[in-house]
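Here is a friendly briefing to read with the model open beside you. Take a look first, then work through the points by topic.

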Amino acid sequence: MNHDYVTHNCDHYDGHRHSDLNHRKYGDEADICIVGAGAAGGVLAYELSKAGFKVVVIEAGPYWNPQTDFASDELTMNYLGWQETRLTAGNDPLDFGHNNSGRGVGGGTTHFTGVFLRFHESDFKVKTYDGVADDWPITYEDLEPYYNKIERDIAVSGPKYFPWGSFHGPYPYPEREPISANSQLFRRGCEKLGIPSVVTPLAILSAPFEGRPPCINRGFCNQGCLPNAKFSTLIHHIPKAIQLGAEILSDCMVTQVHVDKQGMVTGVTFVHDGREHFQKARLVILSNFVVETPRLLLHSACPQFPDGLANSSGLVGKCIMPHSGHDIFAKFHDEVRIYKGTPVLASTQEFYETDQSRGFVRGYTLHAHGSRPLGLARNLAAKAGIWGKDLYRIMRDYNFYAQVTMVGEVLPNPANCVTLSNEKDEYGMPRPLITFSYGENDNKLIAHGVQKANEILQAVGGEPAFIIPDTGHLMGGTRMGNDPATSVVDKYCRSHDIPNLYICSASVFVTSGGGNPTETVMAIAARTADHIIEQVKTRQY
C-alpha cells in the first residue's frame, strides 16, 4: 500500500499526487483547522470550503485510495481501525479496534455497515419523557432539515414507508434488493410474530449516483468498499472539499491545542514522520473520535486552563456511551450463509421507545446482521469465551447460522469516562484509559433485546445457539447543553469556555439513542457549519 502521499490540495485525488509536507509554509494561517476527517470532519470540510473559508483538515491516518488500498480480505483490512493502544477498565471493559473507530481519511465511514437512521424525537427529550439522563439543548425539529439535506446529498436508499419516528419516507433512492437469506429469515420471523420490519435505510447506492455504481452485494462493507457503492466521506465530501480549496494533511497526529494569554485557540501542534509542526488557525474544530477528543483536551492543559481545555464543568471525558451491540445466533437445518450480501439489509425499531411494562426505559433497534468467518471465530473466542471443540463445532457449521444484532441505548453515567493514564505513547502523550460499566437499566434492556431476537429466529425454525456480547458506536464525553456548568459545548457545538474552539462529533451526544448514530453526527456537523458561516456574516469572529 502506498501511504507516502500526505498533503492533498489538488483538483482531485488520484492516488498518486502528493507534496512534501516539509516544504509546506506553516506560517500560513487557516481560517479553520479541523482535526479528524471522518463523518463530521468530512461534512464540515466540504460545507465550510464551499462557503469560501481556507480550511485545513488534519488526519492521524492515511489518505486511502479504495482501488489500491482496500481488499476483500478480513485480516488485511484490520488496519482501517485505530490500532494504537487504549487501556480499558470497569465491570464491562470496552473492546476497541475495528468496530469502534477508524483511522485514515473517511474515519469510521470507510468501514461502517452503511446503516443510516435518524434519531427519534424522544431521543432529544429523555429527561422530559422518562425522568432519566438529560434533555439535549436541540430538538428533532432542529436537525430535520439537515437530515433531509444529508440524505439527498449522498442518495440514501430506503423503503417507501418507514413506520417509526418522525420521518416516514420515502428516501431519495429505492430500497436495496435482493436482500440476503439472513435478512429474509429475520423479516419472516418478524411477520409471524406481528412485528413490523423494513429493508434497512442505507448509505449504499441502489442505483448509479455521481459516477458511482450501485451495490452488487459483495458484502465487504466492513472491509472498505472497493467499488465505491457505499458512501464514505473519503469518496464524497473530502474530494469535493479539495476541489473547493481545502487542504488535507494525512498521517499527521495532532498532539496539542494551543491557546494564547487571552484564552483563545491559536492553532494545533501535530507530528508527521517524527517531526513536530504547528498549524495556525483562527478557529479550531475537533472532530476526532470520542476517545481522542477528551484525551487531546485534557493533554492540552495550560496555566489558563489547568484542568484541560473546555473543562470548566469537569465533564470532559465523562458520560461516554457505547451502544450495547449483542449478537444473537440461531442454527437452522438449511444453509443461511451469513457472509452473503450487504451485512445489514433488514431491521425493526418496534422496541425503540419506552414501554414501562418492560421494567426499563428507552429501547433498541434489531438488525439482521451478517458475519464473516474470521470475525466470528475471533469474537466467539475473545468475547463469548468459546474455545476448543465448541469453537470448532460452530465454525464447521458456520453456513447454518443466522444472526440478529441489537443496537441498544445505554444511559449516560459520569463514572463511564475517558481519563489520562500514566503510560505514554510514541508521541509522548498519555495513553487514554476508558472505564465502562453497564447500569441496571442497560442490563434489563439487553436481556429484553436478546429475548426478542431469539423469538424472531425461533419463529422461523431457528434453534437458539449462542450470544456474543459486544458494543459499538461510542458517543459522549464532551456533551452539549445550555448550561456551562453541566455541559462542554453549546447547542451549536461551540465550547462554553473558548469561543473559537468547536467540538463536533459523536462526543457531543447527550444521550445515545437506540439506533446507529452516523446520520445524526453528519446532521449536527452540517448544522454547525451553517452556524459558523452565519457567525462570520454577522462579524462574530
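**Where two helices meet**

Ala39, Ala40, Val43, Leu44, Glu47 and Leu48 in helix α1 are in contact with Thr518, Val521, Met522, Ala525, Ala526, Thr528, Ala529, Ile532 and Ile533 in helix α11, contact meaning heavy atoms within 4.5 Å. By class, this contact has 12 nonpolar residues, 2 polar and 1 charged; Ala, Val, Leu, Ile, Met, Phe, Trp, Tyr, Cys and Pro count as nonpolar, Asp, Glu, Lys and Arg as charged, and the others, Gly among them, as polar. This is a predicted model, where local features need pLDDT of at least 70 and side-chain atom pairs count only at pLDDT 80 or more, while totals for chains, interfaces and linings use all residues. Residues are numbered from 1 along each chain as its sequence is written, and side-chain values use heavy atoms, with hydrogens and water left out.

**Helix packing**

- Helix α1 covers residues 39-50 and helix α11 covers residues 518-537; they pack at an angle of about 30° with their axes 8 Å apart. Axes are lines fitted to C-alpha atoms, for helices over the stretch in contact, and angles run from 0 to 180 degrees between N-to-C directions.
- That angle makes α1 roughly parallel to α11 (under 35 degrees is roughly parallel, over 145 roughly antiparallel, 65 to 115 roughly perpendicular and the rest oblique).
- Helix α4 (residues 140-154) also packs against α11, at about 105° and with the axes 8 Å apart, which makes α4 roughly perpendicular to α11.
- The contact of α4 with α11 has 8 nonpolar, 1 polar and 5 charged residues. Among the residues of α4 that take part are Asp142, Tyr146 and Glu151, and α11 brings residues including Glu519, Arg527 and Asp530.
- Helix α8 (residues 373-382) and helix α9 (residues 388-396) cross at roughly 155°, their axes coming within 11 Å, so α8 is roughly antiparallel to α9.
- Pro373, Leu376, Ala377 and Leu380 in α8 meet Leu391, Ile394 and Met395 in α9. This contact divides into 7 nonpolar, no polar and no charged residues.

**Strands**

- Helices (H or I, at least four residues) and strands (E, at least two) are DSSP runs, numbered from the N terminus.
- In a regular strand, side chains alternate between the two faces of the sheet.
- In strand β3 (residues 55-58), Val55 and Val57 on one side and Val56 and Ile58 on the other are all buried (under 20% relative accessible area; over 50% is exposed and in between is partly exposed, with a 1.4 Å probe and protein chains only).
- Strand β2 (residues 30-35) pairs with β3 in the parallel sense over 4 bridges, and two strands pair if DSSP finds at least two bridges between them. Cysteine 33 stands opposite valine 56 in β3.
- Alanine 346 lies in strand β13 (residues 344-348). Its relative accessible area is 0%, so alanine 346 is buried.
- Beyond its neighbours within four places in sequence, alanine 346 has contacts that include Phe186, Val198 and Leu366.

**Backbone details in the loops**

- Glycine 169 and proline 170 are joined by a cis peptide bond, with omega about -5°. Proline 170 sits in the loop between β5 and β6.
- Another cis peptide bond joins glutamate 177 and proline 178, with omega about -5°.
- Asparagine 217 is not a glycine, although its phi is positive, about 65°.
- Cysteine 493 has a positive phi near 75° and lies in the loop between β19 and β20. With 0% relative accessibility, cysteine 493 counts as buried.
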